[in-house]
Amino acid sequence: MKKKLVIILGTLTLGFFQAQEVNEITYLLNKNSVDAFHFTQSTCNKNIINDAWKNFIKENKGKIGGDLTAKISGTHLQFNSENLWDAGIFYTIEKNNPNIEVYMYFKNAEGNFLSTSNSPQDIEIVKSKLQKFSNTVNLNCTTSDLKTSLSVKDNLTKELNNNNAKIKNLTKENAKIQNDLKKDYTASDITKKDFNKIQKQKNKQSSNELQIQNLQNRNIEIEQELNTKSQDITDIQNKLKDIRN
């Protein structure tokens, strides 16, 4: 699908704080000018957007169609007037851009696209409904971000606790080995078998010390990751409060 943003016709900001503004725009589709609507969403799982779009179609008396995992379409949506509209949605993601550009359009049986100029009886309610849709996407995506961040923090905490338990066990094992080595070294006669045993214990001790050092280094990294993740969680929780207020 070839598309190019041509002009932003207007903006609407309703509902939640930090709402993703819905813009009425014109873009090029197969060299034809098409009226549509657009908003920018921070990186989000497309399934979340698709689920919200399915609900939007149902709430406006439409039927869901198209590719249910990619390009979900709707038919016979009805807004303020008796007009019936077919609906479509698509996304663009540019390289090195953390955002998803979301586009939506509505077309009637005559092939006309819904816009301020040709659908004055429907445009305001459509803008309002699309702003609500955008707000829902923003809320659901942010809630998903929080759930993911909490899961990551939980996994890091478990790893830290497991590492500390391993360090404790390895340290205890090395202390036992050290005591055994002292006993062996004080023996009056050391056989070849004893020597091999001692060497094996020393190798084990060295291996344990290396493991302890690696675990301690990893714990430093985990602590730093936990601090960063905790701040991320606080930021997301504050964002959710703003969205819901």
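Let's call a residue buried when its relative accessible area is under 20%, exposed when over 50%, and partly exposed in between (1.4 Å probe, protein chains only). The model here is predicted, so local features need pLDDT of at least 70, side-chain atom pairs count only at pLDDT 80 or more, and totals for chains, interfaces and linings use all residues. Residues are numbered from 1 along each chain as its sequence is written, and side-chain values use heavy atoms, with hydrogens and water left out.

Start with helix H1, residues 46-59; helices are DSSP runs of H or I with at least four residues, numbered from the N terminus. Phenylalanine 56 is buried at 3% relative accessibility, and tryptophan 53 is buried too, at 0%. These two sit three residues apart in H1, which means about one helical turn separates them.

Now look at the rings. Phe, Tyr and Trp rings (the six-membered one for Trp) pair if their centres lie within 6.5 Å; planes under 30 degrees apart are stacked, over 60 edge-to-face, and the rest tilted. The whole structure has 13 aromatic pairs. Tryptophan 53 and phenylalanine 56 make a stacked one, 5.1 Å centre to centre with 5° between the planes. Both also belong to one aromatic cluster with Phe37, Phe39, Phe79, Phe106 and Phe133.

Phe56 and Phe133 turn up again in the lining of the largest pocket, along with residues including Ala52, Glu59 and Lys129. H1 and helix H2 (120-185) are the elements that each give two or more residues to that lining, and H2 supplies the largest share, five residues.

Terms used:
1 Å grid on protein atoms, 1.4 Å probe; cavity = no way out; pocket = protein on both sides within 12 Å on 5 of 7 lines; lining within 4 Å.
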